[in-house]
Amino acid sequence: MELRPPRGTLDLLPPQGSRIRALYDRAAALARLHGYRYVETPGFEATELFSATSGETSDVVTKEMYTFADRKGRSLTLRPEGTAPVMRAYLGAMQEQPSPFKAYYLTRMYRYSRPQEGRYREHRQFGIEVFGTEDPGADAEVITVGDAFLRGLGLTRIELQLNSIGDEVCRPAYRDELVAFLQDNRDRLTDEHKDRFQDNPLRVLDCKDDACRAVAREAPRITERLCDPCRTHFEGVHAGLKEAGLSWTIEPTLVRGLDYYTRTAFEFVSPGLSLQQATLFGGGRYDGLAEVLGGPHVPGVGFGMGLERVLLALEQEGIGAPEEPGLAVFVVGVGDAGRARAHDLVRELREAGLAADTSFEDRPLKAQLKMADRAGAAYAAIVGERELETGSVTLRRMSDGDQREIAAGRLVGTLAEGRAEGTDG
Ligand code: HAM
């Protein structure tokens, strides 16, 4: 039996498991702090949901979807992204939900692509979405939450790239102009785009290939061709970001890889990482998405952040990733009586809300101390013959082996108050 996980997927055992868990916890706390509420949608959806919203010419739809027929022959797709599913769910239950609707999710996404560092077939996203307002303040808030998340982890080498890609009023004329420009420069494009730029010329601007990027740099710029409402909106986003103390660069070729975007598009990149994995999170506004799904006009804005990439960026900057708190104490009971006592203590500790564990089996002191170490416990509390006689426990700080004896009845109190750090007992 093959023990490695399928290509492009990760097993997250400790300590990686506790790192991703810590990111989930921080993300949830931050989202809640800003008034976002947790949502979940199914891991698979009708294929049409993604093909109709991400765009028939997008990489996600043309190459990356995990699509299968179920037993009744329905075409289903493992969720490659979170925005369309959350919008679908919201449209089905709008009457019961507040407006604006502010949601966050922490979940896995599936995209079939060539795996490499920072690009997986299953990845984890922290996403937030605001439905029901066109106010540029919502765009600024969304960006600010993502920025706060990354900075809260200690990341500093991150850069906000911002663009506006217009709307149904100003984009068609821009699109025509871009097609004409690409026609003139067709020879310089990669083969893939030579044939396909007519279908979706914006895709060329998003291409990471050097040749296409050179063409993209010279292409007409959408930011100079926005209609008045789009320009005013974009200025509103700038004002909101400025108020929040953020800085950014305008990136006129930033168009994003999914088709539902209108107006604001943004990405946070970590210049230390290679181009393919540099985008820690991306998002933007999608004011036409609800209508594509047959709903009323529900404007929206949000982001999706790749959490594996966040871990890579932390590593790159030499910052320790946060970890889920480990055991407060591993109780070592030696001998039958010692183990019985250890079980009582563990129960007491857990009832007091302190993470505690002990061995299932009788093992020598040394072996149990090793277990305490491997479990990542801050302390070991040892109950041997001597401690049983005197009604005490020996509290051993695992980081440096510092030991002292305290009354068994004071174990919970000592650990709960964090007094265990001191040496005065
Ligand atoms: P996206 O740019 O396709 O946008 O993905 C968002 C983030 O997910 C990326 O910036 C990246 O960090 C991570 N990511 C994407 N694909 C992979 C992969 N194969 N391996 C590892 N990480 C990956 C969306 O998905 C939109 N739904 C974001 C959004 C929300 N826009 C508005 N609201």
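Two aromatic rings of Phe, Tyr or Trp count as a pair if their centres lie within 6.5 Å. In this predicted model, a search of the whole structure finds 14 aromatic pairs. One aromatic cluster is formed by Tyr90, Phe101, Phe131, Tyr260, Tyr261 and Tyr286. A ring also takes part in another kind of arrangement. Arg121 lies over the face of Tyr112. The distance from the ring centre is 3.9 Å.

Helix packing comes next. Two packed helices are described by the angle between their axes and the distance between the axes.

Helix 5 spans residues 136–152, and helix 10 spans residues 228–243. Their axes come within 8 Å. The axes cross at roughly 45°, which makes helix 5 oblique to helix 10. The crossing of these two helices is right-handed. On the side of helix 5, the contact involves Pro136, Asp139, Ala140 and Ile143. These residues meet His233, Gly236, Val237, Gly240 and Leu241 in helix 10. By class, the contact of helix 5 with helix 10 holds five nonpolar, three polar and one charged residues. Asp counts as charged and Gly as polar.

Helix 5 also meets helix 1. The axes of helix 1 and helix 5 come within 11 Å and cross at roughly 140°. Angles over 145 degrees would count as roughly antiparallel. Helix 1 and helix 5 are therefore oblique to each other. Helix 1 passes helix 5 in a right-handed crossing. Helix 1 contributes Leu23, Arg26, Ala27 and Leu30 to the contact. Helix 5 contributes Val145, Ala148, Phe149 and Gly152. The residues of this contact divide into six nonpolar, one polar and one charged.

Helix 1 has a further partner in helix 12. Helix 1 covers residues 16–33, and helix 12 covers residues 307–316. The two pack at an angle of about 110°, with their axes 11 Å apart. Helix 1 is therefore roughly perpendicular to helix 12. Arg19, Ile20, Leu23 and Tyr24 in helix 1 meet Leu307, Val310 and Leu311 in helix 12. The contact of helix 1 with helix 12 has six nonpolar residues, no polar ones and one charged. Leu23 of helix 1 takes part in the contact with helix 12 and also in the contact with helix 5.

The backbone was examined as well. Most residues other than glycine have a negative phi, and most peptide bonds are trans. Some sites in this model depart from that pattern. A cis peptide bond joins Pro14 and Pro15, with omega about 0°. Pro15 is found in the segment before helix 1. Another cis peptide bond joins Ser99 and Pro100, and omega is about 0° here too. Pro100 lies in the loop between helix 4 (83–91) and strand 5 (101–110). Arg256 is placed in the loop between strand 8 (249–250) and strand 9 (262–269).

Note on methods. Residues numbered from 1 in each chain as written. Predicted model: local features only at pLDDT ≥ 70, side-chain atom pairs only at ≥ 80, totals over all residues. Heavy atoms only, no water. Phe/Tyr/Trp six-rings, centres within 6.5 Å; stacked < 30°, edge-to-face > 60°. Lys NZ or Arg CZ within 6 Å of the ring centre and 35° of its normal. Axes fitted to C-alpha atoms, helices over the stretch in contact; angles between N-to-C directions. Helix = DSSP H or I, 4+ residues; strand = E, 2+ residues; numbered from the N terminus. Parallel < 35°, antiparallel > 145°, perpendicular 65-115°, else oblique. Left-handed = near helix turned anticlockwise from the far one by under 90°. Contact = heavy atoms within 4.5 Å.
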